[in-house]
Amino acid sequence: MAETRLRVGIIVGSTREGRFARTVADWFAGQARQHPELQVDLIDLAEADLPAVMPSVKTPQVRDFTARLDAADGFVAITPEYNHGYPAPLKAAIDLANAEWHTKPVGFVSYGGISGGLRAVEQLRQVFAELHAMTVRETVSFHGAGACFDAAGNPEDATGPATAAKALLDQLVWWARASAEARIRRPYR
């Protein structure tokens, strides 16, 4: 199993017009692509065409989205903080799936003002616990995010964020491998 690359779903949680999310997500996806044990699936909720209201029957877009989640070995949510919380489209997308999240690790990259999105991350940890997912301790957080990146979308201080991203990804890989091995030995539920 150690030779197999793990699939990480990087979920871009903001859909706002003029959002900063893709700057952060594209940088982080670049970091993840450099990790020798990972392959990246960038899932941008602004492009997924998911319904705003939970459908009674899964639409093709929902089926595609949940299939991508099911195929992933772990996830990283890219989230801003809006009014001390995470964006509604991210919650709606999370709620479209259930078993697809089970026993998989979830990491967080957050951005925002003075708190750097960390209040949104704390709330998301509670949501994912209910979905039988485990959240990794390490995070990447950008405080005053607009000033943290240059015009090309690179962090002004590349060392700190790259170190934090590596720590997050290494933990995600460990948990993804451990949970995959555990599911083989003993199926969950």
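Mentor: The account below takes the salt bridges in turn and ends with a helix. The model is a predicted one, and a search of the whole of it finds twelve salt bridges. Side chains of opposite charge can pair when their charged atoms come close.

R68 counts as partly exposed, at 25% relative accessibility, whereas D41 is buried, with a relative accessible area of 8%.

Two further pairs each lie within a helix. In helix α3 (residues 88–95), K91 and D95 are four residues apart, which means a separation of about one helical turn. Their closest N and O atoms are 2.8 Å apart. K91 is partly exposed, with a relative accessible area of 28%, and D95 is also partly exposed, at 34%. In helix α5, K166 and D170 are likewise four residues apart, about one turn of the helix; here the closest N and O atoms are 2.5 Å apart. D170 counts as partly exposed, at 31% relative accessibility.

There is also a network of salt bridges that links R19, R22, D26, D44 and E47.

Helix α1 covers residues 21–34. Its buried residues include A21, V24, W27 and F28, and the buried residues of α1 pack against several elements, among them β1 (6–12), β2 (38–44) and α5 (159–185).

Conventions: Residues are numbered from 1 along each chain as its sequence is written. This is a predicted model: local features need pLDDT of at least 70, side-chain atom pairs count only at pLDDT 80 or more; totals for chains, interfaces and linings use all residues. Side-chain values use heavy atoms; hydrogens and water are left out. Helices (H or I, at least four residues) and strands (E, at least two) are DSSP runs, numbered from the N terminus. The expected span of a helix is 1.5 Å times one less than its number of residues. Buried means under 20% relative accessible area, exposed over 50%, partly exposed in between (1.4 Å probe, protein chains only). Contact means heavy atoms within 4.5 Å. A salt bridge is a side-chain nitrogen of Lys or Arg within 4 Å of a carboxyl oxygen of Asp or Glu.
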